[in-house]
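I opened this notebook to record, entry by entry, what I looked up in the structure. I start with the chain as a whole and then turn to single residues.

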Amino acid sequence: MLKVACPKCHYEPMSKDRWMCSCGHVWHTFDTLGQCPACGLIWFDTACPHCQQWSRHSQWYYWQPPARILVARLALPAPQQFLRLSYRS
Ligand SMILES: [Zn+2]
Ligand SMILES: [Zn+2]
């Protein structure tokens, strides 16, 4: 599950939150991955509506794997088994 939260204060942006571009356009920046829909400017940093601090836009995204993916990872063969397979020929 993809989660969006401020890297500084962990505030999670709500759909009613709005950001303003230098061109004056106001929109929800996480709908467009930080790109202004009016003038096309890409905002690499995003200000938090809660703590007002700037963070890299990409740092706002957190990937939370569901529990069953973690279980599948544990079931993978150990690294030694990979080694043995690659030296067979
Ligand atoms: Zn703009
Ligand atoms: Zn914040």
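This is a predicted model: local features need pLDDT of at least 70, side-chain atom pairs count only at pLDDT 80 or more; totals for chains, interfaces and linings use all residues.

Residues are numbered from 1 along each chain as its sequence is written, and chains are lettered from A and ligands numbered from 1 in the order in which they are written.

**Confidence.** I then checked pLDDT, the predictor's confidence in each residue, from 0 to 100, and found that the chain averages 82, with 73% of the residues scoring at least 70. Over residues 81-86 the pLDDT is below 50, and this stretch has one contact in the model beyond near neighbours in sequence; for contacts I use the rule that the C-beta atoms of two residues, placed from the backbone, lie within 7 Å.

**Elements.** I listed two helices and six strands in the chain, taking helices (H or I, at least four residues) and strands (E, at least two) as DSSP runs numbered from the N terminus. Read from the N terminus on, the order is β-β-β-β-β-β-α-α. Among contacts between residues at least 6 apart in sequence, 40% join residues at least 24 apart.

I placed Phe44 in the loop between β3 (26-27) and β4 (45-47). Is Phe44 buried or exposed? Phe44 is exposed, because 9 other C-beta atoms lie within 10 Å. Leaving aside neighbours within four places in sequence, Phe44 is in contact with Gly34, Arg56 and His57, and its C-alpha atom is 9.1 Å from that of Leu33, 11 residues apart in sequence.

I found Pro13 in the loop between β1 and β2, where it counts as partly exposed because it has 19 C-beta neighbours inside 10 Å. Which residues does Pro13 touch, not counting those up to four places away in sequence? They are Val4, Phe30 and Pro49. Pro13 and His50 are 37 residues apart in sequence and 8.7 Å apart in space, C-alpha to C-alpha. His10 also lies in the loop between β1 (2-4) and β2 (19-20), and is exposed, because 12 other C-beta atoms lie within 10 Å.

**Positive phi.** I noted the phi of His10, near 65 degrees, as a positive value in a residue other than glycine. Most residues other than glycine have a negative phi. Gln52 likewise has a positive phi, near 65 degrees; its place is in the loop between β4 and β5 (54-56), and with 9 other C-beta atoms within 10 Å Gln52 is exposed.

Note on methods:
A residue is buried if 20 or more other C-beta atoms lie within 10 Å of its own, exposed if 12 or fewer, and partly exposed in between; C-beta atoms are placed from the backbone.
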